[in-house]
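Dear colleague,

Please look through it before reading on.

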Amino acid sequence: MSREKLIYQIKETLKEMDQIVNEMTNISLMVGGSFGISYRKCGKTNCWCNKVEEKGHPLLRITYNENRKSRTKAIPKQDKEWIKEMTDNYRNFRQNFQKMRQCENRLNELLNQFEKEVKTNTSNLRAYL
Ligand SMILES: [Zn+2]
């Protein structure tokens, strides 16, 4: 790759990183975990859930990892939309973190190539190099 092309790609990568950092730092609230609904039967014989075809009462919860163990927390019904938003924020943040690492690797690779390119160009200037 030419020096110009490398510089262009380095700058493009930096632009992308800047955009990712902006997105990440625009998030002001997040909850680590993923939202889900599980169903449970209460066990009361006179309850509507006491039927084979019924899944049971919905239980809102988030699942997250703590010390490499999967854990859950119950979420109050009224917070369903809020917690969805909070876990979406968290997911976006983590995805951007991942993208950031890919950009860092690319930047590293491009700078390595740049170094090689410049060294080669310089050694072409002197017979002893
Ligand atoms: Zn029930």
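Is Met100 buried, exposed or partly exposed? Met100 is partly exposed, because 16 other C-beta atoms lie within 10 Å (a residue is buried if 20 or more other C-beta atoms lie within 10 Å of its own, exposed if 12 or fewer, and partly exposed in between, with C-beta atoms placed from the backbone). Met100 belongs to helix α2, where helices (H or I, at least four residues) and strands (E, at least two) are DSSP runs, numbered from the N terminus. Once residues up to four places away in sequence are set aside, Met100 touches Met17 and Ile20, a contact being two residues whose C-beta atoms, placed from the backbone, lie within 7 Å. The C-alpha atoms of Met100 and Asp18 are 9.5 Å apart in space, although 82 residues separate the two in sequence.

Before going further, please keep in mind that this is a predicted model, in which local features need pLDDT of at least 70 and side-chain atom pairs count only at pLDDT 80 or more, while totals for chains, interfaces and linings use all residues. Residues are numbered from 1 along each chain as its sequence is written.

The overall picture

The chain contains two helices and three strands, and read from the N terminus these elements follow the order α-β-β-β-α. The chain is more spread out than a compact globule, because its radius of gyration is 26 Å, well over the 14 Å that the globule rule gives for 129 residues; the radius is taken over C-alpha atoms, and the rule is 2.2 Å times the number of residues to the power 0.38. Taken along the principal axes, the C-alpha atoms fill a box of roughly 95 × 25 × 25 Å. Of the 129 residues, 7% count as buried. Among the contacts in the chain with a separation of 6 or more, 57% come from residues 24 or more positions apart.

The helix pair

Helix α1 covers residues 3–26 and helix α2 covers residues 80–123, and their axes come within 9 Å and cross at roughly 160° (axes are lines fitted to C-alpha atoms, for helices over the stretch in contact, and angles run from 0 to 180 degrees between N-to-C directions). The two helices α1 and α2 are therefore roughly antiparallel to each other, a label for angles over 145 degrees, whereas those under 35 count as roughly parallel, 65 to 115 as roughly perpendicular and the rest as oblique. The contact draws on residues of α1 including Leu6, Ile10, Thr13, Met17 and Ile20, and on residues of α2 including Phe93, Met100, Cys103, Leu107 and Leu110. By class, the contact of α1 with α2 has twelve nonpolar, four polar and six charged residues, where Ala, Val, Leu, Ile, Met, Phe, Trp, Tyr, Cys and Pro count as nonpolar, Asp, Glu, Lys and Arg as charged, and the others, Gly among them, as polar.

Within helix α1, Thr13 counts as buried because it has 20 C-beta neighbours inside 10 Å. Val118, which is placed in helix α2, is exposed, with 12 other C-beta atoms within 10 Å. Val118 and Arg3 are 115 residues apart in sequence, yet 7.6 Å apart in space, C-alpha to C-alpha.

The strands and a loop

Ile62 lies in strand β2 and is buried, with 20 other C-beta atoms within 10 Å. Apart from residues up to four places away in sequence, Ile62 touches Val31, Gly33, Ser34, Phe35, Thr72, Lys73, Ile75, Ile83 and Thr87. Ile62 and Ile75 are 13 residues apart in sequence and 7.1 Å apart in space, C-alpha to C-alpha.

The loop between β2 (57–66) and β3 (69–74) holds Asn67, and Arg68 is found in the loop between β2 and β3 as well. Asn67 has a positive phi of about 50° although it is not a glycine, and Arg68, also not a glycine, has a positive phi of about 65°. Asn67 counts as exposed, with 5 C-beta neighbours inside 10 Å, and Arg68 likewise counts as exposed, with 5 C-beta neighbours inside 10 Å.
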